[in-house]
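These are my notes from a first look through one structure. I wrote down what I looked up, entry by entry.

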Amino acid sequence: MSDYIVRATAKQAQIRAFAITSKELVETARQKHNTSPVVTAALGRLLSAGAMMGSMLKADTDILTLQLKGDGPMHGLTVTADAKARVKGYADVPDVLLPPNAKGKLDVGGAIGNGILSVIKDMGLKEPYCGQTVLQTGEIAEDLTYYFATSEQVPSSVGLGVLMNKDNTVRQAGGFIVQLMPFAEEETIEQLEQNLSRVSSVTAMLEEGKTPEGILEVLFEGMDLEIVDTMPASFYCNCSKERVEKAIISVGKKEITEMIREEKPIEVNCHFCNTAYTFTPQELKELLKKCTK
Ligand SMILES: [Zn+2]
């Protein structure tokens, strides 16, 4: 089964909701970056949230970036998503190993540590929108819940989960985002809180075989759930040799001349998907001609 997002409303549109199954895209990220289990969990949670938040973007050309920077051993996580729920991302340190946390789970919060969550939305305007909040737990779902409440003033509930197989491949991944509209009634809020308090974790629901639709049915039991639409989600990077060439040209004549002097091919890796691009000294000489600085 491929990854997809379900968008829905409940209680006559007083609530909007998103749910995703993202096992394939998280496993793709794991393979590309060869991440350790705790980093797979962290990156997988942020990729899952990024895909859902990407699907909230209005225009096809809008780009969302989620970035966590912390004082933990993973240093940082970056995820970029478009309106078609195509996501890519990376961890600054992909091979962090940590003992399990007090609950016996992968210590995502410990890997990130104390720090900042930045949400950047590039909607083709002069200045991109940028919201920043202090990390609450570093477990990502709580941090996004806090971001939505304080930075966007939208009371939300975010659930994210990644479960690993014994061989450290991805067994389950997914999540949900539930948001209250400004006109939500007190009774609706109370019922939602009750429902949320009854749900087990996202990974437990996925392990029971629940689809994103099934997860939303649990969250909105007795609350007039209406599925709006579904859309595929995927790991996708738009890098190319041409784009990397432009990046090399931008570093300037001096650096490129030094690379040529080494007389051996250089390799440039895309941060987001880890694809390696090789440039021979001859190719570098061609790029040098295109340099203006
Ligand atoms: Zn790439």
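Entry 1. I looked up Gln-153 and found it exposed, because its relative accessibility is 60% and exposed means over 50% relative accessible area, buried under 20%, and partly exposed in between (1.4 Å probe, protein chains only). Gln-153 sits in the loop between α4 and β8 (156-164). The phi of Gln-153 is positive, about 55°, although the residue is not a glycine.

I noted where the values come from. This is a predicted model, in which local features need pLDDT of at least 70 and side-chain atom pairs count only at pLDDT 80 or more, while totals for chains, interfaces and linings use all residues. Residues are numbered from 1 along each chain as its sequence is written, and side-chain values use heavy atoms, with hydrogens and water left out.

Entry 2. I turned to Ile-140, where phi is near 80°, again a positive value in a residue other than glycine. Most residues other than glycine have a negative phi. Ile-140 belongs to the loop between β7 (129-134) and α4 (141-151). Is Ile-140 buried or exposed? It is buried, since its relative accessible area is 1%.

Entry 3. I then checked the nonpolar cores. By definition such a core is a set of buried Ala, Val, Leu, Ile, Met, Phe, Trp, Tyr and Cys residues joined through side-chain atoms within 4.5 Å. The largest one has 68 residues, and those with the most contacts inside it are Met-53, Met-74, Leu-77, Ile-140 and Leu-144. Helix α2 (residues 37-54) supplies the largest share of this core, eleven residues. Another core, of 23 residues, lies apart from it and includes Tyr-4, Ala-17, Val-199 and Leu-219.

Entry 4. I looked up Gly-161, which lies in strand β8. Gly-161 counts as buried because its relative accessibility is 6%. Beyond residues up to four places away in sequence, Gly-161 touches Arg-45, Gln-172, Ala-173, Gly-174, Val-202 and Thr-203. From Gly-161 to Gln-67 I noted 94 residues in sequence and 18 Å in space, C-alpha to C-alpha.

Entry 5. Lys-23 came next, in helix α1 (residues 23-33). Lys-23 is partly exposed, as its relative accessible area is 35%. Which residues does Lys-23 touch, not counting residues up to four places away in sequence? I listed Asp-3, Val-170, Arg-171 and Ala-173. Lys-23 and Ala-173 are 150 residues apart along the chain, and their C-alpha atoms are separated by 4.5 Å.

Entry 6. I ended with the whole chain. The protein chain has ten helices and 13 strands, which are DSSP runs numbered from the N terminus (helices H or I, at least four residues; strands E, at least two). Its C-alpha atoms fill a box of roughly 70 × 45 × 35 Å along the principal axes. Buried residues make up 50% of the 293 residues. Among contacts between residues at least 6 apart in sequence, 63% join residues at least 24 apart.

Notes: Contact = heavy atoms within 4.5 Å.
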